[in-house]
Amino acid sequence: SWFIGEVFWTYYELLVKTDPKASLADWFYLVGYVPLCIGLLWELKFLRHKVHKALSYTLRLLLTMLAILFSGIALYFGVWQAIKPEYSALENGVAIRYGVADIALVLMSLTVVIVTLEMRGGKFVEPWWWFLAGLGCTFIADIGFAMFTPQYETMVSYYKPTLDTIWIVGYLAMAYGLGRFGWLVQSARHSILASSKRKVMY
């Protein structure tokens, strides 16, 4: 969904030469958050079975405070500051939805971080850190875009290439994490099937 959104955004910017804000690209971006959050919840249920030892209350409190801080940043820059009087109601509505989606991502990521730390290592930990790093880059780029939208749209100085680079790095990190996670799952399935076949033979 985000890839399709990037294609439409590039199409509007480079080919049609029009402002892609509140366009079809935005709807694909926003829709992408829904399966992402659902997938994180599903994987959280899977990871819960691999928890070795719960985190201490102090560490949980610290992570929760960080999540509240990042949620506050998303609320201020992604929602409150995203409202521009010169924009239409539709454009402001789309901008606000990005901030709300980022808050949801922060809260989901907090839960995954806690469970990942509780796993105390293992093959599935590395892919999750890559994926979470990608989410972090996406969060930073989204907030940066909300803060510097005029500079980004008018291509002032280094704003656009910097934010675009952060987004791309985030996409690559998430893609690598998901690919690595998928490879590990497939390897585990093959091992289980091979073990089952050996038992049947004996």
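1. Lys 160 is buried, with a relative accessible area of 12%; buried means under 20% relative accessible area, exposed over 50% and partly exposed in between, with a 1.4 Å probe and protein chains only. Its partner in a salt bridge is Asp 164, with the closest N and O atoms 3.3 Å apart; the term stands for a side-chain nitrogen of Lys or Arg within 4 Å of a carboxyl oxygen of Asp or Glu. Asp 164 is partly exposed, at 23% relative accessible area.

2. The model is predicted: local features need pLDDT of at least 70, side-chain atom pairs count only at pLDDT 80 or more, and totals for chains, interfaces and linings use all residues. Residues are numbered from 1 along each chain as its sequence is written, and side-chain values use heavy atoms, with hydrogens and water left out.

3. The chain holds 7 helices and 0 strands, in the order α-α-α-α-α-α-α from the N terminus. Helices (H or I, at least four residues) and strands (E, at least two) are DSSP runs, numbered from the N terminus. Of the 202 residues, 39% count as buried. The chain exposes about 12100 Å², and carbon and sulfur atoms supply 72% of that area; accessible areas come from the Shrake-Rupley method with a 1.4 Å probe, and for residues only the protein chains shown count as cover. Among contacts (heavy atoms within 4.5 Å) with a separation of 6 or more, 73% are between residues 24 or more positions apart.

4. The largest nonpolar core has 39 residues, of which Leu 36, Leu 40, Leu 105, Phe 131 and Leu 135 touch the most other members. Such a core is a set of buried Ala, Val, Leu, Ile, Met, Phe, Trp, Tyr and Cys residues joined through side-chain atoms within 4.5 Å. Two or more residues come from each of helix 1, helix 2, helix 3, helix 4 (89–118), helix 5 and helix 7 (159–201). Helix 4 gives the most, with 11 residues. Not counting residues up to four places away in sequence, Leu 135 touches Leu 36, Leu 40, Leu 105, Ser 109 and Met 174.

5. The whole structure contains 2 salt bridges. Besides the pair in point 1, the side chains of Glu 126 and Arg 180 meet at 4.0 Å, N to O. Glu 126 lies in helix 5 and Arg 180 in helix 7, so this pair ties together parts that are 54 residues apart in sequence. Glu 126 is partly exposed at 35% relative accessible area, and Arg 180 is partly exposed at 29%.

6. The count of aromatic pairs is 10. Rings of Phe, Tyr and Trp (its six-membered ring) pair if their centres lie within 6.5 Å; planes under 30 degrees apart count as stacked, over 60 as edge-to-face and the rest as tilted. Phe 8 and Phe 28 are stacked, because their ring centres are 5.5 Å apart and their planes lie at 10°. Phe 8 belongs to helix 1 (residues 2–16) and Phe 28 to helix 2 (residues 24–48), so the pair ties together parts 20 residues apart in sequence. Phe 8 is partly exposed at 25% relative accessibility, and Phe 28 is partly exposed at 25%.

7. Phe 70 and Phe 139 form an edge-to-face pair, 6.0 Å centre to centre with 70° between the planes. Phe 70 is in helix 3 and Phe 139 in helix 5 (residues 125–147), 69 residues apart, and the pair links these distant parts of the chain. Phe 70 is partly exposed at 36% relative accessible area, whereas Phe 139 is buried at 13%. Ring pairs also link Phe 145, Tyr 152 and Trp 167 into a cluster.

8. Phe 70 also belongs to a nonpolar surface patch of about 410 Å², made with Leu 59, Leu 62, Leu 66 and Leu 69. Patches are made of residues with over 30% relative accessible area and no salt bridge: like charges are joined within 9 Å, nonpolar side chains (Val, Leu, Ile, Met, Phe, Trp, Tyr) within 5 Å. Leu 69 is in helix 3 (residues 57–80), and Ser 71 lies in helix 3. Ser 71 is buried, at 12% relative accessible area. Leaving aside neighbours within four places in sequence, Ser 71 is in contact with Ile 103, Val 106 and Leu 107.
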